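User: Hi! I am new to reading protein structures. Could you walk me through this one, step by step?

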Amino acid sequence: MSTPPDLTRKVRQIDNDVQSIYELLAGISATQLRQGNRLEELATAQAEQGAKLDIIIELLQRFDQP
């Protein structure tokens, strides 16, 4: 039994659509991974700057004392 041409075409189109969706999801996943890594870098830099600022504040407080 052969399948009608329209059904075969629709099945191929659905398969192509599914493959396109998987490609889009892979791109989104890669972007999220890069953004997550960058956020970690920024958080580390912010923590380092906070620690330096704490040291500066402590030194300023020492100099302000009579």
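Predicted model: local features only at pLDDT ≥ 70, side-chain atom pairs only at ≥ 80, totals over all residues.

User: What radius of gyration does the protein chain have, and what would a compact globule of 66 residues have?

Analyst: The idea is to compare the two values. The protein chain has a radius of gyration of 29 Å, while a compact globule of 66 residues would be near 11 Å. The box filled by the C-alpha atoms is roughly 100 × 10 × 10 Å along the principal axes.

User: What percentage of the residues count as buried?

Analyst: Buried means under 20% relative accessible area. Of the 66 residues in the protein chain, 0% count as buried. The accessible surface comes to about 6400 Å², and 60% of that belongs to carbon and sulfur atoms.

User: Which residues form a nonpolar patch on the surface?

Analyst: They are Ile 14, Val 18, Ile 21, Tyr 22, Leu 25 and Ile 28, with about 590 Å² of accessible area together. Take Leu 25, which lies in helix α1: its relative accessibility is 49%, so Leu 25 counts as partly exposed.

User: Now the charges. How many positive and negative side chains are there?

Analyst: The protein chain has 7 positive and 10 negative side chains, and the centres of the two sets lie 9 Å apart. Side chains of opposite charge can pair when their charged atoms come close. In this model, the count comes to two salt bridges.

User: Which residue forms a salt bridge with Arg 38?

Analyst: Arg 38 pairs with Glu 41, and their closest N and O atoms are 3.0 Å apart. These two are three residues apart in helix α1 (residues 5-64), so about one helical turn separates them. Arg 38 is partly exposed at 46% relative accessibility, and Glu 41 is partly exposed with a relative accessible area of 46%.

User: And which side chain meets Arg 62 in a salt bridge?

Analyst: That is Glu 58, at 2.7 Å from N to O. Arg 62 and Glu 58 are four residues apart in helix α1, which means about one helical turn lies between them. At 52% relative accessibility Arg 62 counts as exposed, whereas Glu 58, at 40%, counts as partly exposed.

Methods. Residues numbered from 1 in each chain as written. Heavy atoms only, no water. Salt bridge = Lys/Arg side-chain N within 4 Å of Asp/Glu carboxyl O. Buried < 20%, exposed > 50% of the residue type's maximum accessible area, 1.4 Å probe, protein only. Patch = residues over 30% accessible without salt bridge, like charges linked within 9 Å, V, L, I, M, F, W, Y side chains within 5 Å. Areas by Shrake-Rupley, 256 points an atom, 1.4 Å probe, with all protein chains shown as cover. Rg over C-alpha atoms; globule rule 2.2 N^0.38 Å. Lys, Arg positive; Asp, Glu negative; His and termini not counted. Charge placed at Lys NZ, Arg CZ, Asp CG, Glu CD.
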